[in-house]
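Student: Could we go through the charged side-chain pairs in this one together?
Tutor: Gladly; here is the entry to look at.

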Amino acid sequence: PYLGFSSTILMKLEQSRTMLDEYVQKQKNQIDALAEEYQHVVAKEQEEIDQLTEQLRTVQLKRGSQGEMSEESVAHKRSEMKDKRKSLEQEVQELTQEREDLEQKLNAIKEVENTERIRAEEFREKKLEVERLKKISVEDLTHGILNYKSLGLDFQKGLQDRLRVSFSKLDPSDQKRMFSFSLNIDENENYIVEECAPELSEQVVEELLDALNQSQSDFPPFLLGMRTEFEKVVSS
């Protein structure tokens, strides 16, 4: 299942698409019924005209000039049929255009839904990864890189779930001197460095962070890089 607002967006999109699908199908059924009625009317009117034409020929043969009235009747009927056919054609054309417009809107909604579904999936995967990382305790991290203890590496849980990383044994003249920074996660779910003491080159720290974020939480190279930069501060 999708998490947070993404689930609500997808649910609303799905409901809208279902309603639009039903409406488009209803309009299609109406157009099909109207087209069938149109064909029926045309056939029926043609049949009536054929019958009147035959009657006209019979009358003209039997009554001579009296057939002129029947001819006028046929012409009137033909005119009525033409007007009715024109009206039906106009209605079919309007409904067909409306169906095409609705299909375009439906395609646009499907495209938006697909985009939102992809974004929701990406958001879900990233959030799951963050949740997984949050379950890693400070003790777990310390245990996982216990071999770095000889380098004076230590971890502490800071404010607002920050991870405080500190190094000692870097300054030959003061083995207890601390070099530290806090590791946090920004709104884009990327790692950031805060409260770095002493301050390091912003460009170098950004390069180390870029590598960390792209590596999907490969901490040892990042920590070693930060330690190396602190060593440069000592030797400068």
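**Salt bridges and burial**

Tutor: At 14% relative accessibility, E229 counts as buried, where buried means under 20% relative accessible area, exposed over 50% and partly exposed in between (1.4 Å probe, protein chains only). This is a predicted model, in which local features need pLDDT of at least 70, side-chain atom pairs count only at pLDDT 80 or more, and totals for chains, interfaces and linings use all residues. Residues are numbered from 1 along each chain as its sequence is written, and side-chain values use heavy atoms, with hydrogens and water left out.

Student: Which side chain does E229 meet in a salt bridge?
Tutor: E229 meets K232, at 3.2 Å from N to O, a salt bridge being a side-chain nitrogen of Lys or Arg within 4 Å of a carboxyl oxygen of Asp or Glu. Both residues lie in helix α5 (residues 219-235), three residues apart, about one turn of the helix, where helices (H or I, at least four residues) and strands (E, at least two) are DSSP runs numbered from the N terminus. K232 is partly exposed, with a relative accessible area of 47%.

Student: How many salt bridges does the structure hold?
Tutor: The structure holds five, and one of them joins E194 to R162, with the closest N and O atoms 2.5 Å apart. Because E194 lies in strand β4 (residues 191-197) and R162 in the loop between β1 (153-157) and β2 (163-167), the pair ties together parts that are 32 residues apart in sequence.

Student: And is R162 buried or exposed?
Tutor: R162 counts as buried, at 17% relative accessibility, whereas E194 is partly exposed at 22%.
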